Amino acid sequence: MFPESRPRRLRSTAAIRDLVADTRLSTKDFIAPLFVREEGNAPVPIKSLPGVVQHTLSSLKDEVRQLRDLGVPGVILFGIPKHKDEVGSGAFDPNGIVQRALSELRASVGDDMVLMADLCVDEYTSHGHCGVLNAKGHVDNDATIEIYTKAAVAQARAGAHVVAPSGMMDGQVGAIRSALDYNNFLDTAILAYSAKYASGLYGPFRDAVEVQIAGGGDRKGYQQDYRNTREALREAIADVDEGADMVMVKPALSYLDILADVRAAVDVPVAAYQVSGEYAMIKAAAANGWIDHDAVAIEQLTAIKRAGASFILSYFARWFAENNQ
Ligand code: PBG
């Protein structure tokens, strides 16, 4: 007898496949991560992130206007300061590079774009950790939070619509919310990197921001262990309780199970960060002719959306906007 169910009927033409597709990617799903460097007067290419550069303030402004014209809804900024120190003062200095970039961008694109600022100190500390160190050389949770609250207020004052704490300190979201409220930044939103795993996939990013962790160290003392799931749910739920307006899972593709579980556990928007190593792997394999760049990029980005991402932070944002829609 013939089979009763014939799923192939809905696969028979491109038109019918498009009609019934569950997941649709659009330019509106993307946030572009951008790097801005305090020193120098020309953009500097990042070798391990082909197509991505360390911007000057002026090339950053051009890039953001172009992204706006292409329909990309927002950007997230990372800074490369001229000077680093023990506590990462560049993260909260009103004249720090990201604060200057935020105020120039706010003057240039206003509210047409969502301006996000990564809130951490690793780009600004001489030892490369995401916090300040205690006498034993460990990251001190509560002393670090003090610094994060100052950075949040400096970023909000400079014009950030969204601050995105990425340092994985316990209690950081609640403290940042209180500091923002106390300083009357009631409308500044928090996107919490809630489930941020200690991943090998951040390598190219550390080239991009010129960070080396002192003594060949790692971030396993504060970022999550990739063997664990329930811990991610606990972190996301705690962040929402502390006032996170949105939460994030990072990296993306190796953590689609976590993304789907977090999506089911909270009722705020859930972002996913397709990180530097995920982007670099596609670029490198495609450059060797081993995979089809466009096909693999779209497949992986679609998978991230299918797993539950409300939006995706991705170095492909501009490419997607230019080539797809
Ligand atoms: C911390 C931060 C990192 C990334 C985003 N925010 C680096 C880290 O935790 O080591 C990585 C992003 C990427 O790899 O694309 N400021």
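Trainee: Which helix and which strand each supply at least two residues of the shell around the ligand?

Mentor: That would be strand E7 (189–196) and helix H6 (203–208). Keep in mind that this is a predicted model.

Trainee: OK, and which residues come nearest to the ligand?

Mentor: There are 19 residues around the ligand, and the nearest are Lys196, Arg206, Lys250, Ser276 and Tyr315.

Trainee: What does the side chain of Lys196 do there, in terms of distance to an oxygen atom of the ligand?

Mentor: An N or O atom in the Lys196 side chain is 2.7 Å from a ligand oxygen. Ser276 also has a polar side-chain atom 2.7 Å from an oxygen atom of the ligand. For Tyr315, the distance from a polar side-chain atom to a ligand oxygen is 2.6 Å.

Trainee: And how much of the ligand does the protein bury?

Mentor: On its own the ligand exposes 410 Å², and the protein buries 100% of that.

Trainee: Where does the ligand sit, then?

Mentor: In the largest cavity.

Trainee: What's the shell around the ligand made of, by class?

Mentor: Nine residues are nonpolar, three are polar and seven are charged.

Trainee: Switching to phi: is the value for Met168 positive or negative?

Mentor: Positive, near 60°, and Met168 isn't a glycine. Most residues other than glycine have a negative phi. You'll find Met168 in the loop between strand E6 (162–165) and helix H5 (172–182).

Trainee: Now the whole chain. How many helices and strands does it have?

Mentor: Eleven helices and ten strands. The radius of gyration is 20 Å, close to the 20 Å the globule rule gives for 325 residues, so the chain is as compact as a globular protein of that length.

Trainee: What does the C-alpha trace span along its principal axes?

Mentor: About 75 × 45 × 40 Å.

Note on methods: Residues numbered from 1 in each chain as written. Predicted model: local features only at pLDDT ≥ 70, side-chain atom pairs only at ≥ 80, totals over all residues. Heavy atoms only, no water. Near = heavy atom within 4 Å. Polar contact = N/O pair within 3.5 Å; in protein donor to acceptor, adjacent residues only side chain to side chain. Areas by Shrake-Rupley, 256 points an atom, 1.4 Å probe, with all protein chains shown as cover. 1 Å grid on protein atoms, 1.4 Å probe; cavity = no way out; pocket = protein on both sides within 12 Å on 5 of 7 lines; lining within 4 Å. Sits in = over half its atoms within 2 Å of the grid points. Helix = DSSP H or I, 4+ residues; strand = E, 2+ residues; numbered from the N terminus. Nonpolar A, V, L, I, M, F, W, Y, C, P; charged D, E, K, R; others polar. Rg over C-alpha atoms; globule rule 2.2 N^0.38 Å.
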